[in-house]
Amino acid sequence: MREKSGSKYSRKIAIAGILTAFLVVVLILENILPTGKLGFYVFAGFLLSVVIMECGVLFGWAGFAVSSLLAVLLVPEKTAVVPYVLFFGIYSLVKSHIEKLNRAALELVLKFVFFNAALYLLWQIALMFIPQRFFDILPVAVIIVLLEILFFIYDWVFSLWIQFYQEKLRPKISRE
């Protein structure tokens with residue numbers, strides 16, 4: 001029995017390692033390709049969710065830490081790693097923890113609390129790079145409302161991804 005559990009642990013390490021390496025490649029591509037920037041961050045978060053689903057939350061945290069560190073070391077433009085670290089990557093883990101509560105209203109509130117905290121941090125960073133004249137075109141309140149709506153859609157699509165993975169992809173690739 002010990003051999004089988006060791007084999008299962010080795011399998012989890014291998015899966016987490018491969019997916020984390022692929023995740024880092026996605027973050028590098030985000031930085032070097034001219035289009036689809038947001039899509040790469042979303043895909044990176046989705047990949048981390050697969051680590052969580054296949055290997056568990058502990059491996060998810062490890063994958064997040066390793067991918068963040070490797071991305072900081074390997075991605076040419078270091079600021080390109082910030083959205084992954086402060087939102088897209090960490091949200092995969094936060095979503096996993098929150099959805100274990102199985103209380104839809106509370107989950108939604110907690111997700112928006114997290115989003116607004118991440119938004120605040122990202123906003124403070126973005127203010128260093130966004131010209132003030134941008135806010136003359138679109139007031140901050142409008143931007144925040146639009147981002148809240150986009151987050152709601154993102155979370156919904158993320159949930160659809162998880163459902164799709166668990167129902168369609170996992171049965172086809174799982175050997176157990």
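1. Following the sequence, the chain reads α-α-α-α-α-α-α. In total there are seven helices and zero strands. Helices (H or I, at least four residues) and strands (E, at least two) are DSSP runs, numbered from the N terminus.

2. A word on the source: this is a predicted model, in which local features need pLDDT of at least 70 and side-chain atom pairs count only at pLDDT 80 or more, while totals for chains, interfaces and linings use all residues. Residues are numbered from 1 along each chain as its sequence is written, and side-chain values use heavy atoms, with hydrogens and water left out.

3. How confident is the predictor in the chain? The mean pLDDT (the predictor's confidence in each residue, from 0 to 100) is 92, and 96% of the residues score at least 70. Helix α3 (residues 57-74) has the highest confidence, at a mean of 97, and helix α6 (residues 134-137) the lowest, at 76.

4. On overall dimensions, the C-alpha atoms fill a box of roughly 65 × 40 × 25 Å along the principal axes. Of the 176 residues, 38% count as buried, meaning under 20% relative accessible area with a 1.4 Å probe, protein chains only (exposed is over 50%, partly exposed in between).

5. Have a look at α2 and α7 next. The axes of helix α2 (residues 37-55) and helix α7 (residues 140-173) come within 11 Å and cross at roughly 50 degrees, which makes α2 oblique to α7. Here angles under 35 degrees count as roughly parallel, over 145 as roughly antiparallel, 65 to 115 as roughly perpendicular and the rest as oblique. Axes are lines fitted to C-alpha atoms, for helices over the stretch in contact, and angles run from 0 to 180 degrees between N-to-C directions. In contact terms (heavy atoms within 4.5 Å), the residues of α2 that meet α7 include Phe 46, Val 50 and Met 53, and those of α7 include Trp 161 and Tyr 165.

6. Helix α4 also packs on α7, at an angle of about 70 degrees and with the axes 12 Å apart; that makes α4 roughly perpendicular to α7. Among the residues that meet are Phe 87, Phe 88 and Tyr 91 in α4, and Phe 151, Tyr 154 and Phe 158 in α7.

7. Finally, Asn 102 deserves a glance. Asn 102 lies in the loop between α4 (82-99) and α5 (104-126), and has a positive phi of about 55 degrees although it is not a glycine. Is Asn 102 buried or exposed? At 66% relative accessibility, Asn 102 counts as exposed.
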